[in-house]
2 protein chains.
Amino acid sequence: MLVGSIEAGGTKFVCAVGDEEYNIVDSHHFPTTDPDTTLSKVIDYFQQFKISALGVASFGPLDLDKKSANFGSIMASPKLDWRNIPIYQILKDRLHIPIFLTTDVNGSAYGEYIIGRLRGQKLNSLVYYTIGTGVGAGIIYDGKFLGDLGHPEMGHVFVKRHPNDKGFEGICHYHHDCLEGLVSGPTFEVRLGKRGEDVSLNDPVWDVMAYYMAQALMQSTMTLRPSKFVLGGSVVNDTFLKKVRQQYKLLINDYISLPSLEDYIVRPLVENNGSATIGNFALAIKQSQQE
Amino acid sequence: MLVGSIEAGGTKFVCAVGDEEYNIVDSHHFPTTDPDTTLSKVIDYFQQFKISALGVASFGPLDLDKKSANFGSIMASPKLDWRNIPIYQILKDRLHIPIFLTTDVNGSAYGEYIIGRLRGQKLNSLVYYTIGTGVGAGIIYDGKFLGDLGHPEMGHVFVKRHPNDKGFEGICHYHHDCLEGLVSGPTFEVRLGKRGEDVSLNDPVWDVMAYYMAQALMQSTMTLRPSKFVLGGSVVNDTFLKKVRQQYKLLINDYISLPSLEDYIVRPLVENNGSATIGNFALAIKQSQQE
Ligand SMILES: Nc1ncnc2c1ncn2[C@@H]1O[C@H](COP(=O)(O)OP(=O)(O)O)[C@@H](O)[C@H]1O
Ligand SMILES: Nc1ncnc2c1ncn2[C@@H]1O[C@H](COP(=O)(O)OP(=O)(O)O)[C@@H](O)[C@H]1O
Ligand SMILES: [Zn+2]
Ligand SMILES: [Zn+2]
């Protein structure tokens, strides 16, 4: 059986075809332009293969409520062209196969959960944060995605401000100094006048950002007590991750007992942002078993 | 069928016997002294009745991991006498009936979930916060309690400080200005030199506290998107709740669409802290069906 994966992002749609062991058989990128053009190319691409099911991890926000009239649509997206585009239905009407649609970060979360379990990790739950252009998170719990009235938006939570960062307003258009407003990639330009790629790992900004991310992880911990945290996205590096672990330990201050943080707060097992592809394959297979 | 309920608190154990429609048939309070004395009295009390199952909502922290050697024990409690007391096993060995043990606030959460559903509310999930001597929360999701490596400890999360409250250190012994350190009942004495019961509803402290509670609800929202929030505990009053709703709306700033807040962020349906009793009855009945 072959299955398909779409990672629908703001700049490109990454399409892949895989087998039941999650091996990538073929893949192709298409630029994200207008919905008609992009989705036609994507559909043409998949029609070359005999895929039995498709997993789609998309930018959003998405309406994922099966009882909603808008189920499977992109909602109030900052990408205006894509607002109210029923991406699930368009793909379904043309491909006639089982499709599972979820958020981009949920796809990555699921991939890390699947691979972790395949490698023998005892995972009953997992929280995946991405820190890139934005900040988001996906949660797997008992094999399912959490989010009742909608999917998580864990980039948009407030944190206690770092004493050396009180002058920075934050860049979230909705909340100023929410987590995304304080630690997303574009904050480097505003704080330091240069892109994150060009910021030294010795720069004190990493301590400030680690302090905020550690609080976000602490919030998730105190809420869900998950089996594992995975931090993905281009902003994350090993030096930063070490600082996050240190701050997390200091902040929690032995209030609860925790696993060894080296294994608990980690980077993705699948390199080069490949987690979502595997997650999508796995979700496609699961969906094909259910339909 | 009769079932039993224990609300095990730091000052008293509230015991009740109920029927399958959650009517209280009998109830009795015992002071919380040493474990031997208190638990003997509780067991003697229940042995007067032919109860088929028992629900216990206890102070903690509790080990609720069924695979743990300490399953059903009170762990590192501030009540030193009660540390490492295997409350589940002691009750089980003497009463020989199905017992469901959970945290105090989980019991209340479950009661509100059950009663809400009985009254026709569409609840797939519910978060119950209590603000009293401490701050805690319980989460029901798809009919089950959330918490993988342990139960939630949502009082111990950090929030952005209110501009008029920057001088206050917070009273949590572990974290100073975590949520509990900023909004629990005993903060009134430290901030204002008088007990919460004696603080005017016009005092600006309520705005400060509402700002923090609104952030906690926002964190839960962005994580779980629950069907409903219930706020219990002696600190909560209608004036305060209105302020929490206002701040919550201001902070979220239409980033996501929300139900009408008057129905979304509410006080308990069951008055006089009675939610836990009903929750315990319902959990006892559920447990008796499973064993
Ligand atoms: N090595 C790096 N260190 C810090 N920031 C980086 C690094 N590489 C990219 N970034 C920043 O990360 C953001 C892009 O994040 P990325 O995860 O690649 O994409 P997206 O979130 O759009 O999918 C940009 O703001 C970029 O400046
Ligand atoms: N009406 C009130 N307004 C504000 N605070 C109150 C009020 N009544 C009690 N408190 C405070 O609430 C705390 C007790 O909370 P409560 O929910 O009754 O008990 P517990 O959390 O111990 O079960 C105390 O700090 C008390 O001063
Ligand atoms: Zn925001
Ligand atoms: Zn604390």
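Which residues line the second largest cavity? In this predicted model, the lining is made up of A:Thr221, A:Arg225, A:Pro226, A:Ile256, A:Ser257, A:Leu258, A:Tyr264 and B:Leu149. About 30 Å³ of space lies inside this second largest cavity. By residue class, its lining comprises 5 nonpolar, 2 polar and 1 charged.

The contact involves 39 residues of chain A and 39 residues of chain B. Together the two chains bury about 3,600 Å² between them, with 58% of that area on carbon and sulfur atoms. On the chain A side, the residues that lose the most area to chain B are A:Phe158, A:Arg225 and A:Tyr255, which together account for 18% of what that side buries.

The rule finds 26 residue pairs in polar contact across the interface of chain A and chain B. Several elements of chain A contribute at least two residues each to the side that touches chain B, namely strand S7 (135-141), helix H6 (205-224) and helix H7 (238-252). H6(A) gives the most, with 6 residues. Taken by class, the side of chain A that touches chain B holds 21 nonpolar, 12 polar and 6 charged residues. Between the two chains there are 2 salt bridges. In a salt bridge between A:Asp177 and B:Lys160, the side chains meet at 2.8 Å, N to O.

The structure holds 2 cavities of 30 Å³ or more. The largest cavity has a volume of about 90 Å³ and a lining of 14 residues. Those nearest its centre are A:Gln219, A:Thr223, B:Gln219, B:Ser220 and B:Thr223. Two elements give two or more residues each to this lining: H6 of chain A and helix H6 (205-224) of chain B. The lining of the largest cavity contains 8 nonpolar, 6 polar and no charged residues.

Conventions. Residues are numbered from 1 along each chain as its sequence is written. Chains are lettered from A and ligands numbered from 1 in the order in which they are written. This is a predicted model: local features need pLDDT of at least 70, side-chain atom pairs count only at pLDDT 80 or more; totals for chains, interfaces and linings use all residues. Side-chain values use heavy atoms; hydrogens and water are left out. Contact means heavy atoms within 4.5 Å. Buried area is the accessible area (1.4 Å probe) that two parts lose on being put together, summed over both. A salt bridge is a side-chain nitrogen of Lys or Arg within 4 Å of a carboxyl oxygen of Asp or Glu. A polar contact is a pair of N or O atoms within 3.5 Å; within protein, one must be able to donate a hydrogen and the other to accept it, and residues adjacent in sequence count only if both atoms are side-chain atoms. Helices (H or I, at least four residues) and strands (E, at least two) are DSSP runs, numbered from the N terminus. Ala, Val, Leu, Ile, Met, Phe, Trp, Tyr, Cys and Pro count as nonpolar, Asp, Glu, Lys and Arg as charged, and the others, Gly among them, as polar. On a 1 Å grid over the protein atoms alone, a cavity is a set of points where a 1.4 Å probe fits but cannot get out, and a pocket is an open set with protein on both sides within 12 Å along at least five of seven lines; lining residues have an atom within 4 Å of a point. Grid points are joined across faces, edges and corners, and a volume is the space filled by probe spheres set on the points.
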